[in-house]
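Visitor: I would like to learn how to read the features of a protein model. Please take them one at a time.

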Amino acid sequence: MLARLPILVVIAILFAVMFATVRADSAAAPKTSSAPPSGMLVVENQFDHALLLVDPVAKREIARVVVGVNGHEVTLSKDGRLAYVPIYSNVAIGEPGTNGNTIDIVDLQARKLIGSMDLGKPVRPHRAQLGPDGLLYVTAELDNAVAVIDPATQKILAKIPTDQPQTHMLVLTPDGQRAYTANVSAGSVSVLDLKTRKLITVIPVAKMVQRISISPDGRRVFTHDRESARVAVIDTASNKISDWIALPEMAYASTPTPDGRWLLVATNGSDRHRLYVVDLQTLKVSKSFDLPGIPLELLARPDGDVAYVSCIQAGKIAVLNLHSWEMEEPITLTRGVDGLAWTTAVQ
């Protein structure tokens, strides 16, 4: 057939076939994270009382700003230029020690502390989240509440009761309508209406829970049973536990990947520390990796290329490539690393 066609037509057909083959191969090939990320890792260090800016490519600290005693978590302004660090306590949850009453504000571009929000009294603020409405929602542990703060005026607008002790962590639904809090010693999750600023319900989970995460579509919330090796899956439509995810060790923290396909779960068993990858379609463990130490926080980078896990005693940030599913060399910092955030506003 080709022999009967003019030579230029034959050449054109061959090039078309070759181009189509290359396009098909490119579409089938897995995405890699070979391009360097455009951004910086922001790390709160409990022991050093400092906020660190970390180059994720060179894997080294490039700046640090001293904050109060002790900041555990960090969240960023919408433009990624300001960091908010709740000053919690110099001890772990439930222990006697200092009771923080401020949220420190760090300018990541100027690399300096530029202010501190006074919460009026000691409340042990721990986790802050910026809502779509531009307001900060911060757990106020000693008040059994979530404080609502206007970062522009630095004023507390309201406190939403959780009706539970040790309200330690929280997540917001993507539409900014609700918050879910992990109440550690109560073993429960409180559901808050952020528009009416009222408690909707309390979901009993276990004798004790730790940390909380939410799927990107806002349909499922995950919290971690601290007496059994399992993760509770809460259906946000019914605000009830819909499933349990069984694990080989007790879970401490989790985060979903940005595509909503996987849940990354960090465990801190007595003899080993692991990162498990759970398939959110089957709710079964798909992969697992060793961690260099006791894990605290997980962060999946917004581009979906890499996940980070802070390992507090080891002073290292574990790095998991989400495309090759291989652990990369960790980022070695100093002991005390905890809260994590990602900014593209600082280079």
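Guide: What follows goes through a sheet, aromatic pairs, charges over rings and salt bridges. This is a predicted model, in which local features need pLDDT of at least 70 and side-chain atom pairs count only at pLDDT 80 or more, while totals for chains, interfaces and linings use all residues. Residues are numbered from 1 along each chain as its sequence is written, and side-chain values use heavy atoms, with hydrogens and water left out.

Visitor: In what order do the four strands of the open sheet stand?

Guide: Strands of a sheet pair through backbone hydrogen bonds, either parallel or antiparallel. Strands (E, at least two residues) are DSSP runs, numbered from the N terminus, and two of them pair if DSSP finds at least two bridges between them. Here the order is β24-β25-β26-β27, with antiparallel pairing. β24 (295-300) and β27 (326-332) each have a single partner strand, so one side of each has no neighbour in the sheet. On average, neighbouring strands of this sheet are turned by 20 degrees against each other, direction ignored; the axes behind such angles are lines fitted to C-alpha atoms.

Visitor: How many bridges join β24 to β25?

Guide: Four bridges join β24 to β25 (residues 306-311). P295, for instance, has C311 as its bridge partner in β25.

Visitor: How many aromatic pairs does a search of the whole structure find?

Guide: A pair of aromatic rings is described by the distance of the centres and the angle of the planes. Rings of Phe, Tyr and Trp (its six-membered ring) pair if their centres lie within 6.5 Å; planes under 30 degrees apart count as stacked, over 60 as edge-to-face and the rest as tilted. The search finds two pairs. W262 and W325 have ring centres 5.5 Å apart and planes at 75 degrees, so they are edge-to-face. W262 belongs to strand β21 (residues 262-268) and W325 to the loop between β26 (316-321) and β27, so the pair ties together parts 63 residues apart in sequence. Y308 and W342 are stacked, at 6.3 Å centre to centre and with 15 degrees between the planes. Y308 is in β25 and W342 in β28 (residues 337-343), so this pair links parts 34 residues apart in sequence.

Visitor: Is Y308 buried or exposed?

Guide: Buried means under 20% relative accessible area, exposed over 50%, partly exposed in between (1.4 Å probe, protein chains only). Y308 is buried at 2% relative accessibility, and W342 is buried at 14%.

Visitor: Which residue lies over the face of W342?

Guide: A charge sits over a ring if NZ of Lys or CZ of Arg is within 6 Å of the ring centre and within 35 degrees of the ring normal. R301 lies over the face of W342, at 5.0 Å from the ring centre.

Visitor: How many salt bridges does the structure hold?

Guide: Side chains of opposite charge can pair when their charged atoms come close. A salt bridge is a side-chain nitrogen of Lys or Arg within 4 Å of a carboxyl oxygen of Asp or Glu. The structure holds 15 of these salt bridges. One of them joins R301 and D305 (3.9 Å, N to O), and both residues are buried. Another joins E249 and R272, whose closest N and O atoms are 2.5 Å apart. E249 is buried, with a relative accessible area of 10%, whereas R272 is partly exposed at 36%.

Terms used:
Axes fitted to C-alpha atoms, helices over the stretch in contact; angles between N-to-C directions.
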